[in-house]
Amino acid sequence: VVLSGTPNFLDLNPSGGVFPKNLGVGSVTHPVTTFVPSPSAGFSKNMAGGTPNPPTLNQTFSYDLNLSNSGNVPLDTLVVTDTLPVELQVLSTTTGSYNGLSDFGAGVGVRVSYEKNTALGVFTLWGSSPNATTNTTLTAPPPGLGAGEYLTRIRWELGSAAVGMSASNRPVVTGRIVNPDNAGGPVAFGDSIQNCAAFSAVYTAGPTNVNQNDCETFVLSGPFVQLNPAKENL
């Protein structure tokens, strides 16, 4: 923006008269930055802190899912879907708790559902947290899981994420690798176990879809001894 002009002012001369005085041209410039929406999200899957890494057969371990809104606009319709290895027997999961996240619905912070081997593509409600700031643990087996059935996917449905949204407690899946696997196949030390998870959201004003995926693989450990020394102040 540029302002210019030739204002005239009256000034006194030595003889006591007045005459107009030209002060010249003045200008000021101010840059204007246009806001450009940049929807983006962070997402990763990791072994939880303190868990065996890698685990061995029948050893309880946990992994967590880290999600955030790393863009400059809010995101809606957040969904995380974890595809479970057939070798994994799930013992529990958590909803996670979050900063900058609205509730999924009235009285529901985060809603968790599961898919089972006998109803692929169908998700059944497992449970939920009362609000987005409360981390709730859901134990297995979930309601509706019958004999010979096992979990194939877990889904978390969340509310709207403000800019900078992050997990104060990441959603966690806890389980163990079993032999035979859930489908009856053999599992041996040294097998590669892969787990993939996907994150999706929508920038509604765009509309723009935001998608992230993360696959992690570990090699099933053989039996091992692990020392855990500790020093205490008596």
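A polar contact is a pair of N or O atoms within 3.5 Å; within protein, one of the two must be able to donate a hydrogen and the other to accept it, and residues adjacent in sequence count only if both atoms are side-chain atoms. The legends below describe a predicted model, in which local features need pLDDT of at least 70 and side-chain atom pairs count only at pLDDT 80 or more, while totals for chains, interfaces and linings use all residues. Residues are numbered from 1 along each chain as its sequence is written, and side-chain values use heavy atoms, with hydrogens and water left out.

**Figure 1. Overview of the protein.**
The protein has 15 strands and zero helices. Both are DSSP runs numbered from the N terminus: helices are H or I of at least four residues, strands are E of at least two. The radius of gyration is 30 Å, well over the 17 Å that the globule rule gives for 234 residues, so the protein is more spread out than a compact globule. That radius is taken over C-alpha atoms, and the rule is 2.2 Å times the number of residues to the power 0.38. The C-alpha trace spans about 110 × 50 × 35 Å along its principal axes. Of the 234 residues, 36% are buried. Buried means under 20% relative accessible area, exposed means over 50%, and partly exposed lies in between (1.4 Å probe, protein chains only). Contact means heavy atoms within 4.5 Å. Among contacts between residues at least 6 apart in sequence, 71% join residues at least 24 apart.

**Figure 2. Surface and charge.**
The protein exposes about 12,800 Å², and carbon and sulfur atoms supply 54% of that area. Accessible areas come from the Shrake-Rupley method with a 1.4 Å probe; for residues, only the protein chains shown count as cover. There are 9 positive and 14 negative charges, and their mean positions are 4 Å apart. Lys and Arg count as positive, Asp and Glu as negative; His and the chain ends are not counted. Each charge is placed at NZ of Lys, CZ of Arg, CG of Asp or CD of Glu.

**Figure 3. Glu 115 in strand β8.**
Strand β8 covers residues 111–116 and includes Glu 115. Glu 115 is buried, at 5% relative accessible area. Its side chain makes a polar contact of 2.6 Å with the side chain of Thr 152. A second polar contact, of 2.8 Å, links the side chains of Glu 115 and Arg 153. Not counting residues up to four places away in sequence, Glu 115 also touches others, including Leu 120, Val 122, Phe 123 and Tyr 150.

**Figure 4. Arg 111, also in strand β8.**
Arg 111 sits in β8. This residue is partly exposed, with a relative accessible area of 29%. Beyond its neighbours within four places in sequence, Arg 111 contacts Phe 104, Leu 125, Gly 127, Ser 128, Arg 155, Trp 156 and Glu 157. Pro 130 is 19 residues from Arg 111 in sequence, and their C-alpha atoms are 9.3 Å apart.

**Figure 5. The loop between β3 and β4.**
Thr 51 lies in this loop. Asn 58 is found there too, between β3 (41–47) and β4 (61–69). Thr 51 is buried at 17% relative accessibility, whereas Asn 58 is exposed at 53%. Leaving aside neighbours within four places in sequence, Thr 51 is in contact with Thr 60, Phe 61 and Ser 62. Asn 58 has a positive phi, near 65°.

**Figure 6. Backbone exceptions.**
Most residues other than glycine have a negative phi, and most peptide bonds are trans. Thr 77 is not a glycine, yet its phi is positive, about 55°. Thr 77 belongs to strand β5 (residues 76–83) and is exposed, at 52% relative accessible area. Asn 179 and Pro 180 are joined by a cis peptide bond with omega of about 0°. Pro 180 is in the loop between β13 (172–177) and β14 (192–203). Another cis peptide bond joins Gly 206 and Pro 207, with omega of about -15°. Pro 207 is in the loop between β14 and β15 (208–219).

**Figure 7. Thr 137 in strand β10.**
Strand β10 spans residues 137–139 and includes Thr 137. Not counting residues up to four places away in sequence, Thr 137 touches Ser 92, Thr 93 and Thr 94. Val 173 is 36 residues from Thr 137 along the chain, and their C-alpha atoms are separated by 9.7 Å.
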